[in-house]
Amino acid sequence: MHVVLFVADGCGLCRDACETVASVCGELDTPFEVSSIDGDDELERRYRVSLPVVEINGVRRFEFFVDEHDLRRAITGA
């Protein structure tokens, strides 16, 4: 399972998403990565208008808001 949260500095929604992802991944003992798009032209192009973005195993699963119940289901496959 590879969970990546794409964020940018100063993004309030990103802070909220990080708290949710950290909580759910911690509960499920699933590692996750936080990737800042700041200063990376390719990541800026791909993600800026949709932040925060959560990808699971390379598939974009959440944009703007991360619902903890939906994230839990996405990770466990339930």
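**View A. Leu 13 is partly exposed, at a relative accessible area of 31%.** In these legends, buried means under 20% relative accessible area, exposed means over 50%, and partly exposed is anything in between (1.4 Å probe, protein chains only). What you're looking at is a predicted model, so local features need pLDDT of at least 70 and side-chain atom pairs count only at pLDDT 80 or more, while totals for chains, interfaces and linings use all residues. Residues are numbered from 1 along each chain as its sequence is written, and side-chain values use heavy atoms, with hydrogens and water left out. Leu 13 sits in helix α1, which covers residues 12-27. Helices here are DSSP runs of H or I with at least four residues, strands are runs of E with at least two, and both are numbered from the N terminus.

View B. The crossing of α1 and α3 is right-handed. In such a crossing the near helix is turned clockwise from the far one, whereas a left-handed one has the near helix turned anticlockwise by less than a right angle.

**View C. Glu 27 and Arg 72 form a salt bridge, with their closest N and O atoms 2.8 Å apart.** This pair ties together distant parts of the chain: Glu 27 belongs to helix α1 and Arg 72 to helix α3, 45 residues apart. Side chains of opposite charge can pair when their charged atoms come close. To count as a salt bridge, a side-chain nitrogen of Lys or Arg has to be within 4 Å of a carboxyl oxygen of Asp or Glu. Glu 27 is partly exposed, at 49% relative accessibility. Glu 68 joins in too, linked with Glu 27 and Arg 72 in a network of salt bridges.

**View D. Arg 73 and Asp 70 meet through their side chains in a salt bridge, 2.2 Å from N to O.** These two are three residues apart in helix α3, so about one helical turn separates them. Both fall in the middle range: Arg 73 is partly exposed at 43%, and Asp 70 is partly exposed at 33%.

**View E. Another salt bridge pairs Arg 60 with Glu 63.** Their closest N and O atoms are 2.7 Å apart. Arg 60 is partly exposed at 32%, and Glu 63 is partly exposed at 33%. The structure holds seven salt bridges.

**View F. A cis peptide bond joins Leu 51 and Pro 52.** Its omega is about -10 degrees. Pro 52 lies in the loop between α2 (41-47) and β3 (53-56), and it is buried, with a relative accessible area of 0%. Ala 8 is 44 residues away from Pro 52 in sequence, yet their C-alpha atoms are 7.9 Å apart in space.

**View G. Asp 29 has a positive phi of about 55 degrees, though it isn't a glycine.** Look for Asp 29 in the loop between α1 and β2 (32-36), where it is exposed at 70% relative accessibility. Asn 57, also a residue other than glycine, has a positive phi near 50 degrees. Asn 57 belongs to the loop between β3 and β4 (59-63) and is partly exposed at 48%.

**View H. Asp 9 lies in the loop between β1 (3-7) and α1.** Asp 9 is exposed, with a relative accessible area of 67%. Ser 36 is 27 residues away from Asp 9 in sequence, but C-alpha to C-alpha they are 7.5 Å apart.
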